[in-house]
Every structure is written in C-alpha cells, then in structure tokens.
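User: Please take a close look at one part of this model, a patch on its surface. Describe the patch, then the strands around that part of the sequence, then the protein as a whole.

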Amino acid sequence: MPFVPGLDKGKGMYFLFIKSESKTPGGLPARPVLTSYYKSSHFKNRPFDPYTNYTSPNQTILCPDSYQSMYSQILCGLCQHKEVLRVGAVFASGFIRAIKFLEKHWPDLARDIRTGTLSSEITDPSVREAVGEILKPDPKLADFVESECRKTSWQGIITRLWPNTKYVDVIVTGTMSQYIPTLDYYSNGLPLVCTMYASSECYFGVNLRPLCQPSEVSYTLIPTMAYFEFLPVHRNSGVTSSINLRKALTEKEQQELVDLVDVKLGQEYELVVTTYAVKNAVTHLVPFDASLSEYTSYADTSSIPGHYVLFWELCLNGNTPIPPSVFEDCCFTIEESLNSVYRQGRASDKSIGPLEIKLVESGTFDKLMDYAISLGASINQYKTPRCVKFAPIIELLNSRVVKSYFSPKCPKWVPGHKQWGSN
C-alpha cells in the first residue's frame, strides 16, 4: 500500500474469526466464505508477505471457540504492541467488539503477560502451543497495559496501547457507518481505511483513495473480476440530486440490464453480477452461434452425494447441432472455475457429485417470471434468481428440461494448491 510508507517494517493486528460449519440434508458442507478462505491452504500455507504478516497465529484465527480465539488474538497483539503498524477486522462491528472485549478482560490479559502463563480458560492445545511461542514473562509490559487500561477514559486507547498504529482497516461504509464516531474515539482520529468492496460472489472494486474520509469513499469496479450489468432504478420519492437526472425511464428501460460502457452519469443502478463460473463455460457455445439467454441453479440433495444443477435456457442462432461433448465440457469448465473448497469436495472428499447442466425449453424463464408475479412480485423489480430452492419453482424448471448433461471427470485439486482456479 504505497499510500502509507513503511508498512513492511511491522505487523498488522487483525481480528479474524471462523464460524462453525453445518451440513445440508445431502451432506454438503455449508459455511461462510471467509471461513472457507481461512481454512484453505491458500491462507494457511501462504508464503511470507510483510503485508499479510499478522500478530495472530493461524491457530488462534482457526479456533472455533470465539472466546478463546478473541482472547488469544488480543493477547498476541499486546505482546507485539510495538510491532503493530495497522489494526483492523473485516467489519467495523467486529473491531469494536474486540475493543469491548479488551475493556472487560484486560486484568486477565495483563496477568498472563506478567507471568508468561496463558489463562487456564484457553484449553485448545494448538492455540496454547502457538501463543506459548509468543507469550513470555514481561512485568514491564504488564504494568504498561494496566496503567493505560485502568484510566477512566478509553479515548485513544488504540494509539496508547499500540503507539505505532498508522490507520484502522475496517469496512465503515453502508450500515457500518454508525460505528465511525466510536472508532474515532478509540483511535484518536486515525484514518479509517476501506480498501475494497466485495461479496461472497466476487470482489467488485477497490478504493483508489484509501485515506479519504469514509463519507467520500467510492469504489472503482474491476471489470475483469466478473461480468457486471446494471439495472436502472427510478425512485418516485420526489427527491433529486444536484446532478440533472435524465428523463424518467420507461417501464421497458427499467427492466433492461445495461453493460458497464452504457451506464449514464447521474442515473442510479442496482448491480447485477455474473461470475466467471458461468462466463468461462459459455465460450464453448460460441462456435455454434449459440449463447446463454438465462440461467439459475440449485443444490440437488435427492441423491448421495448431492450435486449442483444449472438450468440453462439457450438462444440458438445457428443450424449446427451442438454435440453432447460440448455441454459436458461446459460442466467441466464450470467446476474448474470454482474454488478449492468445491474442487476438494469433488476430487478428494467425494462429498460432491458431478455438476449437472439441464437445458430447458425456450420461454422457460418467462414462465418463471410469470409465476413470481402471480405470487405478488413486482414487474419492475423482478430479477431472475440465480439460486433457487423453492419446490414449486424447481418443479416448474424440471418440467421443461429437454436435455441433461454431467461433468465427465473431476476438476483438478491437489493439497496445498495455491490457486483458487485451475487453468
């Protein structure tokens, strides 16, 4: 990050956590995307990088007990307080939670630092071993922590305990903006950095001015990360911005998605994302003058192991029949484009069955829209669901299937593989 020099000379104190996993009725693992990332070899076996050098050992991050994880991460951060150059968490709420935890448990943390002995409440063997390599008896540091934490005011506690901190790295846009005053109070007004805009599906964009005020944050889309489309939004609130908006959109225009190059200055849009798990596959259809008109997906747990199904409606402009092998290649390409968690489930654990593409009749997704509207959906606001689980919808889609194809082989996966996708 060239905006703040010298970050490679120290560490980041980031509070990162995993959540417990669950299983679908068909036995498929279900867990948050960040949990999948932290548990992957991509994170655990990452090569040394000064910009991802954290005060928290991997074992403390991967501890499923939230109390033990938080306690040990804060303790390690205090033991390395002079090395900390930046602090943060994924969301502002998580970082505030860590500070509140410190406010409640600092006497116990100071005791551990003084004696060099980890609290008996931390029972996870891997955590105890990892923290033991960092925690040493340090009465001087314990006195320092106690003197700062017992003061009446906790204003600036971050810069007091971690004096070399240059900024706070958390998401404070959107609903997280409510935490800005609290973060300013605890950090003595350190810059609040929002570096990126992301979701489980993909990264959308980056903040090219990371040190700007939170109210001024904007994100520049990365057009190669996914296929972005924009749904025009017209609000009948009577409130207009300082920009002269174009005339009201017609109903037809409001339903039409536009590409990035066709967005209009001053117009408000909802972002629609198509990830390359699909985009890579449909390139196999180009030689046959065919394209993907609409699609959706669902997890089929009627068999063991369960597997994922894509319903595709095609637009056929050519007269050349498309061989079955082409659709099998599409299935395989999608599987190769999915992350290592999926590919491990397919190739190693055998907990996921081959991906299936079901071709549906022309007009199927129009029928799906009609059905949604019959249930009360707004014509203006309707968007094709990209994942379905409502039984009547699945029945409707299955009733219009004309052909079905499966992936012919397992995608590539090897332990310790450092790439999320294979070429």
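**A nonpolar surface patch**

Analyst: Five names make up the nonpolar patch on the surface: M196, Y203, V206, L208 and M225. Together they have about 420 Å² of accessible area. The model is predicted, so these values are computed from predicted coordinates.

Take L208 first. L208 sits in the loop between β8 and β9. Is L208 buried or exposed? L208 counts as exposed, because its relative accessibility is 51% and the cut-off for exposed is over 50%.

Now the strands. β7, β8 and β9 form an open sheet of three strands, in the order β7-β8-β9, with antiparallel pairing. The edges are β7 (196-198) and β9 (220-221), and each of these pairs on one side only. In general, strands of a sheet pair through backbone hydrogen bonds, parallel or antiparallel.

Strand β8 covers residues 203-206. Two bridges join β8 to β9, and the two strands run antiparallel.

M196 belongs to the patch and lies in edge strand β7 (196-198). Y203 and V206 are also in the patch, and both lie in β8 (residues 203-206).

Finally, the whole protein. It has 15 helices and 16 strands. Of its 423 residues, 42% count as buried. The protein exposes about 22300 Å², and carbon and sulfur atoms supply 54% of that area. Among contacts between residues at least 6 apart in sequence, 71% join residues at least 24 apart.

Terms used:
Residues are numbered from 1 along each chain as its sequence is written. This is a predicted model: local features need pLDDT of at least 70, side-chain atom pairs count only at pLDDT 80 or more; totals for chains, interfaces and linings use all residues. Side-chain values use heavy atoms; hydrogens and water are left out. Two strands pair if DSSP finds at least two bridges between them. Helices (H or I, at least four residues) and strands (E, at least two) are DSSP runs, numbered from the N terminus. Patches are made of residues with over 30% relative accessible area and no salt bridge: like charges are joined within 9 Å, nonpolar side chains (Val, Leu, Ile, Met, Phe, Trp, Tyr) within 5 Å. Accessible areas come from the Shrake-Rupley method with a 1.4 Å probe; for residues, only the protein chains shown count as cover. A salt bridge is a side-chain nitrogen of Lys or Arg within 4 Å of a carboxyl oxygen of Asp or Glu. Buried means under 20% relative accessible area, exposed over 50%, partly exposed in between (1.4 Å probe, protein chains only). Contact means heavy atoms within 4.5 Å.
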